[in-house]
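Have a look at the model below. The questions after it ask what stands behind each label.

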Amino acid sequence: MTSKEFVKELLKELEPIRRAHAEITEDFYSRPRTREQTVALLMDRCYRELQGALRIAEQVPRFVEADRDLFHMITRQVADEARHYHLLASILEELLGRPLTASELKPVPLTLEQNRAMYDEYGFHLVERFASLGLGAEYLSAAINDVVIKRAEPEVAHAYKQINRDERFHAKIGILGLERYATTPELQERARQAALRTAELHLRAYEQLFQAVRAMG
Ligand SMILES: [Fe+2]
Ligand SMILES: [Fe+2]
């Protein structure tokens, strides 16, 4: 199979899990939330953005020789993630009514596990990096954000409108990386495993987050 055909197949394979992301988010947002619940939710999501900026920045030097186009895109991605962190941290400060320090950002345990897989396990192999981050996480977080934009508090929805424009670009970086480099059956299988495992962890992390936030109410 060509790499383009492979990406099409992989997106098809991810479709049920993409729908599951939209469904758990619809379910979460179908009930009202207190300010404390919104704070707890955004603490995890803001942590993800900060880690994204820091961990993707570590990947940048490796792309200087590997691929000039992807070097440029990934460097832009670092700035995007830093902007997302800044946006969400500002909303959190508004909700808390006081300054926030980065060390206060509290993710749920499965967010840490997903980040470990995405950055430590899959972050160093060319096709695994694009499959794990771009398709296993960012492509799916866009499905969450589509619901957030429709259902969340106005200031949160507004932030995610901006974030989601970038998230779609980041998912495209993943697709482009795979179209360029997932050229053999072996590489395609590695990419597939990385995408599916990250997608599963991403879904379970959001399930855990939504449950933890619900339990506060
Ligand atoms: Fe982001
Ligand atoms: Fe992103």
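What follows is a set of questions and answers on the terms used for this chain.

Q: How is the model to be read, and which features count?
A: This is a predicted model, in which local features need pLDDT of at least 70, side-chain atom pairs count only at pLDDT 80 or more, and totals for chains, interfaces and linings use all residues. Residues are numbered from 1 along each chain as its sequence is written, while chains are lettered from A and ligands numbered from 1 in the order in which they are written.

Q: How many helices and strands does the chain have?
A: There are eight helices and zero strands. Helices are DSSP runs of H or I with at least four residues, strands are runs of E with at least two, and both are numbered from the N terminus. Read from the N terminus, the order is α-α-α-α-α-α-α-α.

Q: What makes the chain as compact as a globular protein of its length?
A: Its radius of gyration is 17 Å, and the globule rule gives 17 Å for 217 residues, so the chain is as compact as a globular protein of that length. The radius is taken over C-alpha atoms, and the rule is 2.2 Å times the number of residues to the power 0.38. Along the principal axes, the C-alpha trace spans about 50 × 35 × 25 Å.

Q: Where is Ile17, and is Ile17 buried or partly exposed?
A: Ile17 is part of helix α1. It has 18 other C-beta atoms within 10 Å, so it is partly exposed.

Q: Which residues does Ile17 touch?
A: Leaving out residues up to four places away in sequence, Ile17 touches Leu140, Ala199 and Leu203. Touching means contact: C-beta atoms, placed from the backbone, lie within 7 Å. By the same exclusion, Gln208 touches Val108 and Leu110. Of the contacts in the chain between residues at least 6 apart in sequence, 81% join residues at least 24 apart.

Q: What makes α6 largely enclosed?
A: Of its 26 residues, 22 are buried, so α6 is largely enclosed by the rest of the structure.

Q: How does the span of α4 agree with its residue count?
A: The 29 residues of α4 should span 42 Å, and the end C-alpha atoms are 42 Å apart, so the two agree. Just after α4, Gly97 has a positive phi of about 70°.

Q: Where does α1 bend?
A: The bend is about 45°, at Glu15, and a proline, Pro16, follows within four residues. α1 reaches 37 Å, close to the expected 39 Å. Its buried residues include Phe6, Leu10 and Leu14, and what covers the buried residues of α1 includes α6, α7 and α8.

Q: What makes a set of residues a nonpolar core, and how many residues has the largest?
A: The members are buried Ala, Val, Leu, Ile, Met, Phe, Trp, Tyr and Cys residues joined through C-beta atoms within 7 Å. The largest such core has 53 residues, and Cys46, Val127, Ala131, Leu178 and Ala195 have the most contacts inside it. α6 gives the most to this core, with 14 residues. Val127 touches, among others, Leu178, Tyr181 and Ala191.

Methods
Two residues are in contact if their C-beta atoms, placed from the backbone, lie within 7 Å. A residue is buried if 20 or more other C-beta atoms lie within 10 Å of its own, exposed if 12 or fewer, and partly exposed in between; C-beta atoms are placed from the backbone. The expected span of a helix is 1.5 Å times one less than its number of residues. The bend at a residue is the angle between axes fitted to the seven residues ending there and the seven starting there.
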